[in-house]
Amino acid sequence: MFKYRRGILALILALCILPLSGCGGDASADPEQSGQEPVTFTLGDVSFSAEHDETDVNPHRGYSGWACIRYGVGETLFRYSDTMEIQPWLATGYTLIDPLTWEITLRQDVRFTSGRALDAQAVKECLEHLVEVHDRARGDLMIDTMEAEGQTLTIRTTQPRPALLNYLSDPYGCIIDMAWGISEEGIVSGTGPYQAVSLVTGQELHLVKNKDYWGGEPQVDEITVLTISDGNTLTMALQSGQIDAAYGMPYASYPLFENEGYTFSSTPTSRAFFLCMNFESPLTQDPAVRQAIATAIDKEGFVNTLLEGNGYVASGAFPEEFSFGGGVTPQAYDPQGAREVLEAAGWVDSDGDGIREKDGKNLVIRWLTYPSRQELPLLAESAQAALGEIGIDVEINSTADCSSYLSDPGSWDVYASAMITAPTGDPEYFFASCCLDSSVANHGGYHSDRLEQLAQEMAAAFESGERSRLAVEMQQILLEDNAYVFCSHLRMSMISRAGVTGLTAHPCDFYELTADLRVEEP
Amino acid sequence: MRGKMDKILQKRKTVKEIYFIAILALAILVLLGAAFAQYLCPYDPNAQDLALALQPPGGEHLLGTDRYGRDMLSRIIVGAKVSVFSALTLVAAVCAVGTALGVLCGFCGGWLDEAVMRLCDMCLAFPGLVLALAVAALLGGGIENAAIALGVVSWPKYARLARGQTMTLKQEDFIAAARLAGDSAGQLIRRHILPNLAGPVLVMAALDIGTMMMELAGLSFLGLGALPPTAEWGSMMSDGRTLFQTKPWVMLGPGAAIFLTVAVFNLLADALRDRLDIRSMGNEM
């Protein structure tokens, strides 16, 4: 009997230990070892494609930094709060030693997914490579020298750069391990909560969680980002459960998801839909034509009807909620005024065909835009009707190959596009990239002496109030010259199925997949 | 017994005749509707009124409105003009060019035949619509360019048909007799060959009208056809794609118009083939 009692005790002990064995630290971290099903998440995204210049997750290539930061692969030294204030991220703080010298201290507890510890030397190597290969970053950062010592990086700029920290928070500023390098596919080793493991451009990106993430272990084991450029396909993918969440859903599909089975996360952004006038075209060189276009477009109708309320009428380049956004006076909607301006400038419809002429030439505007932002063809067609009412004929060229046309100033008059005007939480970015003689995206060849002078003042102004004042004055110059017509700002939404939490839309449109992401079975 | 059979056959013939006339009448109705589209529209098809956007069918707008507040019925009626006449013009052009080349090849033979037939082979080696897509993308948007793109890939089948028929006809005794009677090559083609191959070519052309209409609509749907604000059924469907689940009338209206019109022209082609009795005509020749 005693013999049996020992056996029974051993059996009870074994039965008690067996369930506990599954609670070991390492085994639970690795679902394969623990035998648990990995927690997976699939995101459908319309923008992760070559058409949007996001072919991979290498932040040093074009605008691929957006994918790097959006999908939680890379992180920047500083980031934006929900109110677009700069706050430390991989850095713990900074000291402005003199107008040219910044001392940035880094976190101690961060490692790249390659295993290397993040220190000032690693950041230096990354930034050196960035300014070597990335024209926009080189122009923004104006780095002269860098010194690395432990966790302290000292950056000296060639000119005072009041917005240096903002620029370092741009997606191109994602810190990657240059010793690990950049793979042929464009995969990098960052410090984010997820690690890119495979990528097929224009199709899909696979991520796995970074178990050693400094911000705490992510709860989702595997993530797939599917590039779905067609809005209908994206809609049906979310309806069928092929994807758990969607970015870039057509507004027309929103009503399908406005029920308890789905969650919306929405936020106003500085993404502006705006027109750029071509100052090399004889037609749009005429101030009357530019003014007529600016006053004849019904922005409110565009926002309320065509954007189905998912936007805000724009008065200037920046949303009014921004400290540098309000205070500008745009051209009011006034089709009758537009007609009078054209009449006064000699544009009259003498042959009664509904199109105005001057010197025997019809007033026909070549409107260039692209279809990948679903709102732009809508804007084009609504503007076509509105301008037709005042005697301007509009020929729409909505093409994915916009860059070819933009490089030929003789092939277009008005270029309608969408961009985040203040991705860095600072107004300088928009003017520097679009409106100055030195701007890479000043497609229309616009020039204003006063604007150039104010831009120089802004480049040297460290005080935020002064920068805001300058931004308002600079926008007013653009509006008075009718060089740009700002139509609307976008309300951005991400839609996820019920059970997904932590997927939150951010005003800067950068941070999508974070360590806060949680997925429960539907 | 024979009398009964004759009666049945006569009855069938009458039914077929009525069917043909009915289908022909429908096709003529479509053509007249397309020709006088601007007079049939209840509203200006291009007039936008955002306050009336996406009104469901009924009331003042029988087929509803699109997202710009334009009347769908008016746009579908006006769209018929673009969709139907573009397809008809295209078919007429490819039929004329293809048949002319085919007859010349079949009649003359030699290097011309070799060169044109190899060109046909090249065109036929590509999937038609894919090649048309490439050509349309190269030429740029616009319904004219879309028609040219489809024309480039559609003429070879007419050339092959006409060549085959011409080569067969060339061997016939009546051609030899006409030749002996002193007819020139041009006269032979005009008086004897063209009238004899007109039947099969006509049936092929009639069958092609529906196909061309679908393909033109397909190119427009993909953004390579009609440009805004032109009302064209394919581009109207494309505009309504994102609304398919929430405001289906924007897509269903032009979709139904394409379906019905293509069906009418396909049925007409079938009836025409039966009426011309192409198979037996070939045997008689």
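Predicted model: local features only at pLDDT ≥ 70, side-chain atom pairs only at ≥ 80, totals over all residues.
**Entry 1, domains.** I began with the domain assignment of chain A, which gives domain 1 as 42-261 + 498-519 and domain 2 as 268-491. Taking C-alpha atoms, I find 30 Å between the centres of domain 1 and domain 2 of chain A. For the contact between them I noted 21 residues from domain 1 of chain A and 21 residues from domain 2 of chain A. On the domain 1 side, helix 6 (135-141) and helix 7 (164-168) of chain A each supply at least two residues, and by class this side has 11 nonpolar, 5 polar and 5 charged residues.

**Entry 2, chain B.** I then turned to the contact between the chains, where 16 residues of chain A meet 16 residues of chain B. The elements of chain A that give two or more residues to its side are helix 8 (231-240), helix 9 (254-257), helix 12 (299-306) and helix 14 (375-389). Of these, helix 14 of chain A gives the most, with 4 residues. I recorded the classes on the chain A side as 8 nonpolar, 7 polar and 1 charged.

Last, I looked at strand 18 (residues 414-420) of chain A, which is mostly covered, with 5 of its 7 residues buried. Strand 12 (residues 262-277) of chain A pairs with strand 18 in the antiparallel sense over 7 bridges, and there I found F273(A) with A418(A) as its bridge partner. Strand 16 (residues 364-369) of chain A pairs with strand 18 in the parallel sense over 2 bridges, and W367(A) stands opposite V414(A) of strand 18.

Conventions: Residues numbered from 1 in each chain as written. Chains lettered and ligands numbered in written order. Domains from an automatic or database assignment. Contact = placed C-beta atoms within 7 Å. Nonpolar A, V, L, I, M, F, W, Y, C, P; charged D, E, K, R; others polar. Buried ≥ 20, exposed ≤ 12 C-beta atoms within 10 Å, placed from the backbone. Pairing = 2+ DSSP bridges.
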